[in-house]
Each structure stands twice: as C-alpha cells, then as structure tokens.
Amino acid sequence: MKNVNSSYKILDPDNCAMCGMCLNNCPTYEITKNESESPRGRISIIHGLNDEMLEPSESALKHLNSCTLCMACESICPAKVNFYDLMTNARNKYFNNQTLIFKIKTILISSFLKNTFLKNIASTIIKLLNKEFLSSINKKMFRFMNYIQTHEKNYIEIIPKIKSNNKIGIFTGCATDLFQKNVANSCVRILEKNKINFEIIKNVKCCGSIDFNSGRLKNGIKFNKSIVKEFKKEKYKKVIGYASGCSAFINKHNKDSNYQDATSYIINLLENTKKENFKITRKNVCIHAPCTTNSANIDFQKLIYILKKIPGINILTFKDKYCCGAGAQNLIHNKENSREILKPKIEYLKSNDIDYLLTYNIGCSLNFIDSLNLNNKKDIKVIHPISFINERLV
Ligand code: SF4
Ligand code: SF4
C-alpha cells in the first residue's frame, strides 16, 4: 500500500479480513444498514483514501465522522484490527479536507470548553434561562437548553483541614466542569465522610480527548501531557476524575499515571458500607454502562452491587448492546444519528417507569437529557452514580 504523506502514522487497513463479524455490533450500521456506516465500510474508505483511490470529499469523510468511537467493533474483531488508531489517524490526516462548518464547530467547542471565563458566563446564562417561568420558552428559542435538566451548583469551597501532600486530587474535566459541577461536590462529601484529604484541581483544563478524537491529534496530546504533569505533582497521592470518557482517554495514553476514574475509586471505597448507612429509596433506577466502561476500568457489576445495598431500590439495566450514540462529538456533528441510536433505550426507560437514569459519562448524560426532554419525559432524572449514591448516604 502506498503511503501518501509520510508525516502521518498510517496503520494498515489491510489487516481487516472483511469477515463482517463487527457489523452487527456497530450502532451506526444498526440504524442505517448501510455498509459505509459499518466498521468494515469505514476501513474500506480509509484504505481508498490512503491509496488515493478515493478523494477526501465530504461524502467520504462523513462516514468517518459519524463513527462514535464506541469500539464495539474492535472488541469483537478476530483479526485484532486497531480500529481506534486507524480512525483517529485518518481523522487527523484528513482534518483539513473537512467542511468549513465541521472545522469551525470542532475548534469552537474545543476552545469554549477550555475557557473558564466563557464557561462561567455560559453557566450564568443557563442559570437565568432555566428559571421555571422561562424554561419552556427558552427550550424553543435556545436549542442548547435541551441539554439542561437541572442547573449544577458551583463547587463547594472547602479548605481541607489537614494540610498534607497525601491528597486525592479531583479532576473536574472540561464539559463536566460546565454541566456536572455537582458531581465534584458529591465526591467531596464522600471523601470527607471517609476522612480522606482532597483538593479540587483548578488549574487544568482538558484531558485532550475532544481534540484527539475529532482529528486534532497534536492538540489532544499537548493537553493530555499538561494535565498528567499536574497530576504527578508530589502533593497528589492519586487523582480521580468523574467523566469516564476522560478516564478512558487518560488510561489509554498514560500507562503509568496516578489517575483513577472517580466512580471506580468511590465504589471501591464504599464496598464494605452497610445497608443501614443508606436511606430507603423506593425508586426504579436504570444504570447505563457507557462504552468507555472497560477502558476507564470501571467495575460495572461492583457498581450494581453497591447500589443494591440501598433499601427499597429497584435496579434495571438496558437490554440492547449498542452505545448511546453520543461519542466522538456525534452529539455536535450528527445529532440526529445520536437520537436515532438512543431510541431503544428511551423506549425502555418509558416502558419501565424509570425514575432515575444513572450514567457516568458526560456525553451520554447530555444525549439522554436531550432525548428525554424531546419525549416530554423530564420526570426521568439523569444523574451521575456518584451523586446518586452521595444523596442516599446517611
Ligand atoms: S467504533 Fe463503534 S460506531 Fe465506530 S465503526 Fe466501530 S462499532 Fe461502529
Ligand atoms: S471484524 Fe475485524 S476483520 Fe472482520 S470485518 Fe470487522 S474489522 Fe474487519
């Protein structure tokens, strides 16, 4: 195979045996039944582009953009095709060939989420627009309000009583810092109850996954290096972050870091907590396992085990095997796809009279909120498991 530009790492798509075993695991193939929207089809497109048999046109690149990077294909592939590297390298190589609107959206979202000042302004606007009397009008006028369920509170400014170098650093992430501030507060409450010294890390911005997964590899690596450098400071015994997408990315790119996903850390911490320490909660709760669960090292069964200690709770999990459809900025570039992929899960929530949907990935959370709002099911509360557990601890 001919390498078109040697400055890019090009993996060999020829490793794909074209067996098709991955097809029925792919969420975009499931909703379209279109070969170009399948892992095998995407590998053929990358092959065609790298071998100059295909032009990097909008119609070719749209099939690469619609991949949610859920990695369901990679996990089942008998030929062990490294689909993640193949896809992110292709997105990087052909980023300049993307449409202007794609590039603008990608760069704007990434810049906005890393800018604390702009996020504080957005946070204030959201708070005002989300007032009861304005919210229904605003949902129509401002489409982004469809992603808001309840406005998150600011961080609790707690100065840890013990000053030591043996702290747990809490990494708030970039999108979670805007939409899920409360989860940081919940982590703080749980750590305090367990007399664990902690600090919310404020001078880091983003794990780098937003840039990396949308084809801006250099930017992604730059941000990743900078946060890991901060995490490795002597004062942090460990750093925890509560967005599983960030955790998966940090784990993948830093094998020897002192980082652990916060859900994973907290369920280990609470493993021996007795039933009496939880409040009675007679609710139907559905737990979602985001596609980043394994790579974030979250023990989903252990999470269920902890939640089952809550007296009165009824726990359900989804029956379909597909990702929610939000990954790799699909929520921004292919929102209709994300909604379509999510439909069976929304029907499941509706038909099982669910009160709470628990998910630990911010993209999934926003995707669920959007579809539940569209389906007039605002009564189903979407919440991070750490916040749900914290609210139920005596
Ligand atoms: S990563 Fe997910 S969406 Fe992308 S091709 Fe593989 S299975 Fe399909
Ligand atoms: S399962 Fe692997 S080898 Fe088979 S078509 Fe999919 S990517 Fe190719």
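Two strands count as paired if DSSP finds at least two bridges between them. The structure examined here is a predicted model.

**Exercise 1.** Determine how many bridges join strand 1 to strand 2, and which residue stands opposite Ile-168.

*Solution.* Step 1: strand 1 (residues 167-171) and strand 2 are joined by four bridges, and at least two are required for a pair. Step 2: the two strands run parallel. Step 3: the residue opposite Ile-168 is Phe-198 in strand 2.

**Exercise 2.** State the strand order of the open sheet of four strands and identify the strands at its edges.

*Solution.* Step 1: the order is 2-1-3-4, with parallel pairing. Step 2: strand 2 (198-201) and strand 4 (259-261) each have a single partner strand, so they stand at the edges and one side of each is left without a neighbour in the sheet. Step 3: on average, neighbouring strands of this sheet are turned by 30 degrees against each other, direction ignored.

**Exercise 3.** Describe how strand 5 pairs with strand 6 and with strand 7.

*Solution.* Step 1: strand 5 (residues 284-287) runs parallel to strand 6 (residues 314-317), with four bridges between them; Val-285 stands opposite Ile-315. Step 2: from strand 5 the chain passes through helix 15 (residues 300-307) to reach strand 6, a right-handed β-α-β crossover. Step 3: strand 5 is also parallel to strand 7 (residues 356-358), to which three bridges join it. In that pairing, Cys-286 has Leu-357 as its bridge partner.

**Exercise 4.** Classify the packing of helix 17 against helix 18 as roughly parallel, oblique or roughly perpendicular.

*Solution.* Step 1: helix 17 (residues 335-351) and helix 18 (residues 362-374) pack at about 75 degrees, their axes 10 Å apart. Step 2: angles of 65 to 115 degrees count as roughly perpendicular, and the two helices are therefore roughly perpendicular to each other. Step 3: helix 17 contributes Ser-338, Arg-339, Leu-342 and Ile-346 to the contact, and helix 18 contributes Asn-367, Ser-371 and Leu-372. By class, these residues are three nonpolar, three polar and one charged.

**Exercise 5.** Characterise the residue shells around ligand 1 and ligand 2.

*Solution.* Step 1: ligand 1 is surrounded by 14 residues, the closest being Cys-26, Pro-39, Cys-67, Cys-70 and Cys-73. Helix 1 (27-32), helix 2 and helix 4 (72-76) each supply at least two residues of this shell, which comprises ten nonpolar, three polar and one charged residues. Step 2: ligand 2 is surrounded by 14 residues, with Cys-16, Cys-19, Cys-22, Cys-77 and Ala-79 the closest. Helix 2 (residues 39-50) gives the most to the shell around ligand 2, namely three residues. That shell divides into twelve nonpolar, one polar and one charged.

Methods: Residues numbered from 1 in each chain as written. Chains lettered and ligands numbered in written order. Predicted model: local features only at pLDDT ≥ 70, side-chain atom pairs only at ≥ 80, totals over all residues. Axes fitted to C-alpha atoms, helices over the stretch in contact; angles between N-to-C directions. Parallel < 35°, antiparallel > 145°, perpendicular 65-115°, else oblique. Contact = placed C-beta atoms within 7 Å. Nonpolar A, V, L, I, M, F, W, Y, C, P; charged D, E, K, R; others polar. Right-handed = clockwise from strand over helix to strand, strands pointing away. Near = placed C-beta within 6 Å.
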